[in-house]
Amino acid sequence: MTWRSARLRILLLVMVGTIINYIARNSLGVLAPQLKADLAITTEQYSYIVGAFQLAYTLMQPIGGMLIDKIGLTAGFALFALAWSLANMAHGAARGWLSLAAFRGMLGMAEAAAIPAGMKTIGEWFPDRERSVAVGWFNAGTSLGAVIAPVLAAVVAKVYGWQAAFVVTGALGVLFAAAWYKFYRSPGDASYVTPQELAEIREGQRPVEASATTLRAIAKTRRFWAIAIPRFLAEPAWQTFSFWIPLYLAKERGMDITQIALFAWVPFLAADAGGILGGYLAPFLQRTRGLSLEGSRIAGISLGAVMMIAPGCVGLVASPYAAIALLSLGGFAHQIISVLINTLSADVFPKGDIAKANGLVGMAGWTGGLLFSLAIGQLADKIGYAPLFACLGAFDLIGAVWLFAMRRHLILQKA
């Protein structure tokens, strides 16, 4: 892949979409302390607001993936981007926790197609050997969006009010929807791809048995459950980072909105580095350790799971800066895991099923995230955040053991 290749331009385009998607969803977290004060929202009610997004996102992921597979990426992703933009801007009209939860649910429904669409894009455009690298850079967009969101939302809210922050962060998606619809085409239909690059893409993609074409059929396969359970156990960490770190910093570390804007983005910057490194880690392990394509993904996931012990130790440190450092290591580790689990869904399912298979795997993950967020809402004020953070490291270790047990016969098998 060269700097002038069409697939690099496609990767940059889908990264921009992911960044804008995460700017919209992560704006709520940094605005949460102000929203709780202005709209008289309790911690428990805030967990329901977060839960409304998570529930809608969870249920819609396989449906969104199925729609993307059916109507195509060009029109499908553009329509979903437009929908999430309008839903995010509507947050500015909220007058209490119920209306905010309703708008949040709409946002979750629309944003649910973003990751399945991105994975389908990579599945169409990238040879197997480049896929984990492409997913690493694509996944970095999730973290970069989370880096930008606290600063952008806090600055706009401080000058113009929290309502304007939702409008500004939402409006970015309208611009992306127009750009995507204008420029994106599949490799075979794109005028900007050369015959040589098209041949390179097609020759570099191994055939995958197309044995599952419906959501039910996918859910019955062993390969689905091998990936879905680790994703279920890994996702609570990212949901906690995305929606609860600002409140944790405000409640247990005494930070105001300005301090939160200064520090809440640091774990996501570390997550960017982890996501990119995770993409390069898999081919490195293939070359140096003789692992198979799938085995290299599993080894990287296991390494990330060990590093996830760090955020579990947040309650053991007195310094807020030490806590942020441990959370940053957790963000780094989680994105290694996330990149490689998402890559596996593109590795083991045929191209025609990638979006809905990834959506179904995502549904499993977001179910875990939803349940854990509701647990935080019920328990954080009673027992504090430390025991809840401790759970996150244990979850990923269990997920890595499960994945190894389910797919160990393929670790040394040559791709």
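I begin with a term I need below: a residue is buried when it has under 20% relative accessible area, exposed when it has over 50%, and partly exposed in between, with a 1.4 Å probe and protein chains only.

**Entry: the model.** I note that this is a predicted model, in which local features need pLDDT of at least 70 and side-chain atom pairs count only at pLDDT 80 or more, while totals for chains, interfaces and linings use all residues. Residues are numbered from 1 along each chain as its sequence is written, and side-chain values use heavy atoms, with hydrogens and water left out.

**Entry: the whole chain.** I looked up the secondary structure and found 16 helices and 0 strands; helices (H or I, at least four residues) and strands (E, at least two) are DSSP runs, numbered from the N terminus. Of the 415 residues, 61% count as buried.

**Entry: salt bridges.** I counted 13 salt bridges in the structure, each being a side-chain nitrogen of Lys or Arg within 4 Å of a carboxyl oxygen of Asp or Glu. E130 pairs with R7, and their closest N and O atoms are 2.8 Å apart. E130 lies in helix 6 and R7 in helix 1, so this pair ties together parts that are 123 residues apart in sequence, and both residues are buried. D347 pairs with R297 at 2.7 Å between the closest N and O atoms; D347 lies in helix 14 (residues 320-348) and R297 in helix 13 (residues 293-307), so parts 50 residues apart in sequence are tied together. D347 and R297 are also buried. Salt bridges that share partners join R7, R129, E130, E197 and E200 into one network.

**Entry: G362.** I found G362 in helix 15 (residues 354-383), where G362 counts as buried because its relative accessibility is 0%. Leaving aside neighbours within four places in sequence, G362 is in contact (heavy atoms within 4.5 Å) with Q61 and R231.
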